[in-house]
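Dear colleague,

I am handing over the structure below, and after it you will find an account of what was found in it. Please read the two together.

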Amino acid sequence: MKFFVDTADVDAIRELNDLGMVDGVTTNPSLIKKSGRDILEVTKEICDIVSGPVSAEVTAVDADKMIEEGRKLAEIAENIAVKVPLTWDGLKACKVLSDEGKMVNVTLCFSANQALLAAKAGATFISPFIGRLDDLNLDGLELIADIREIYDNYGFETNILAASIRSANHMSECAKIGADVATAPPGVIKAMANHVLTDKGLDQFLKDIADAGIKIV
């Protein structure tokens, strides 16, 4: 499974990239805005750091303007993946841009039907949102599994890019299911190196055992 880092923090991207932990980057206008820097400038800098796909999101909502904006974003660097929303207009833009040979990341996917449409439109990546589905008391990981089954059934080449990842557990579960890519904040990727029982967790574990009357021999 490939790791994309979900951030506009150039220093964090560079650190993980130097460790070989970054295969690409996903970002969005709001993340870059928080840095207080120009969107195009930051995106270009990120593209210079990593060799893999860098998702740059359009802000338009209608197809024609998405296409126009996507073409401009694709001019930033060869490794730009134009990110469009999973709306009917987004699918139209995906079809045009992908036919032009541009990488397209269709984001905000919440159902297997939506993922099927994106694959038919030629998407390079489909981004199902695990965490947001979990927030709605739905199983985001089950969606990843459903998309994997459908894509494998018909040989779709669209990459499943698991997004809205909130924990290290999400990362390992996505890997077991067979997601092609998982994108997560730097902190989540670093948390994958943690031992299962931290010192605090071990103390609680031992206390629970003692409270249960279990002796360790």
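In this predicted model, Ile 126 has Ile 160 in S7 as its bridge partner. That contact belongs to the parallel pairing of strand S6 (residues 125–128) with strand S7 (residues 159–162), which extends over two bridges; strands here are DSSP runs of E with at least two residues, helices are runs of H or I with at least four residues, both numbered from the N terminus, and two strands pair if DSSP finds at least two bridges between them.

S7 is also joined to S8 by two bridges, again in parallel, and there Ala 162 has Ala 182 in S8 as its bridge partner. Together with helix H9 (residues 168–177), S7 and S8 make a right-handed β-α-β unit, meaning that, with the strands pointing away from the viewer, the path from the first strand over the helix to the second runs clockwise.

Residues are numbered from 1 along each chain as its sequence is written, and side-chain values use heavy atoms, without hydrogens and water. Because the model is predicted, local features need pLDDT of at least 70 and side-chain atom pairs count only at pLDDT 80 or more, whereas totals for chains, interfaces and linings use all residues.
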